[in-house]
Amino acid sequence: MRSVPQWVLFSSFSAPVLLVGGWAVSGQLQGPAYDPASATISILASDGAGGYWVMTSALVALGACHVVTACGLRPAAPAGRVALAGGGLSAMLLALFPAPSSGGSFSHGVVVAVGFSLLAVWPVMAVRRATPALRTGARRRADDGPRAAVPPWGLRPGPSVTAAALMWLGGAWFLLALFVLDAAGAAERVLTFAQSFWPLVVVLSCVRDNGRPA
């Protein structure tokens, strides 16, 4: 299994920190009228918002972190890396398609939906499976070189499918909170944090796997 560069650990760790720091600082700049439980993060990055540049910069940096992580996450399947990078690019595009100060925006909604979908499917698309020899317990001859490594925990089917399923359930919860429960802000924060945190989980599992003896 190919190793993960150390700079991928930095980019994957920075993503959730930038997201949480962005909404915390911009929320303070927005003032007491902003309710983080019911108001979405997009409001913080909307035109005319008090923390517009803070939240927008945080989203662009978050997206860049996902792109960097995708480039260096070599143990993951290529399709998953492309999906992760696409999710990062969608976050960066939000700077070009911000939410309006009031009402809705079709272009903003499309970018958000595409970004969420890519980040919700990338765990499954990144899955790596053990080789047939390892699944059957067969041994390779000594002159064939070292045995192939079992995929890192974060790239195995079980954890990856579970993570993706929870993200889709989180998306359903967000829609319910947006249109029925008036708690869209809380739901969106849980969901976006989970999507920004999962790449770090995968990278950490790869780093741990790299440290194991062959």
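From the N terminus on, the elements of the protein follow the order α-α-α-α-α-α-α-α. The secondary structure comes to eight helices and zero strands. Here helices (H or I, at least four residues) and strands (E, at least two) are DSSP runs, numbered from the N terminus. The model is predicted: local features need pLDDT of at least 70, side-chain atom pairs count only at pLDDT 80 or more, and totals for chains, interfaces and linings use all residues. Residues are numbered from 1 along each chain as its sequence is written, and side-chain values use heavy atoms, with hydrogens and water left out.

Burial was computed for the whole protein. Of its 214 residues, 44% are buried. Buried means under 20% relative accessible area, exposed means over 50%, and partly exposed lies in between (1.4 Å probe, protein chains only).

The expected span is 1.5 Å times one less than the number of residues. Helix H3 has 21 residues and reaches 31 Å from its first C-alpha to its last, close to the expected 30 Å. Its buried residues include Tyr 52, Met 55, Leu 59, Leu 62 and His 66. Helix H4 has 16 residues, which should span 22 Å; its end C-alpha atoms are 22 Å apart, which agrees. Among the buried residues of H4 are Gly 80, Arg 81, Leu 84 and Ser 90. Helix H7 has 25 residues and reaches 33 Å, close to the 36 Å expected. Buried residues of H7 include Pro 159, Met 167, Gly 170 and Phe 174. Just after H7, Asp 182 takes a positive phi of about 55°.

Aromatic contacts came next. The structure holds four aromatic pairs. Rings of Phe, Tyr and Trp (its six-membered ring) pair if their centres lie within 6.5 Å; planes under 30 degrees apart count as stacked, over 60 as edge-to-face and the rest as tilted. The rings of Phe 116 and Trp 168 have centres 5.0 Å apart and planes at 80°, so this pair is edge-to-face. Phe 116 lies in helix H5 (residues 106–125) and Trp 168 in helix H7 (residues 157–181), so the pair ties together parts that are 52 residues apart in sequence. Phe 116 is buried, with a relative accessible area of 18%. Trp 168 counts as partly exposed, at 39%.

Phe 193 and Phe 197 form a stacked pair, with 5.5 Å from centre to centre and 15° between the planes. Both lie in helix H8 (residues 184–210), four residues apart, about one turn of the helix. An α-helix has 3.6 residues a turn, so residues three or four places apart point the same way. Phe 193 is partly exposed at 34% relative accessibility. Phe 197 is also partly exposed, at 34%.

A charge meets a ring elsewhere. The charged end of Arg 189 sits over the ring of Trp 23, 5.3 Å from its centre. A charge sits over a ring if NZ of Lys or CZ of Arg is within 6 Å of the ring centre and within 35 degrees of the ring normal.

A cavity is a set of points where a 1.4 Å probe fits but cannot get out; a pocket is an open set with protein on both sides within 12 Å along at least five of seven lines; lining residues have an atom within 4 Å of a point. Points are joined across faces, edges and corners, and a volume is the space filled by probe spheres set on them.

The largest pocket holds about 1000 Å³ of space. It is lined by 40 residues, of which Ser 42, His 108, Val 112, Phe 174 and Glu 188 lie nearest its centre. Helices H2 (41–44), H3 (52–72), H4 (78–93), H5, H7 and H8 each give two or more residues to this lining. H5 gives the most, with eight. By class, the lining has 21 nonpolar, 18 polar and one charged residues. Ala, Val, Leu, Ile, Met, Phe, Trp, Tyr, Cys and Pro count as nonpolar, Asp, Glu, Lys and Arg as charged, and the others, Gly among them, as polar.

The search finds one cavity of 30 Å³ or more. The largest cavity has a volume of about 40 Å³. Ser 42, Thr 56, Leu 59 and His 108 are among its lining residues.
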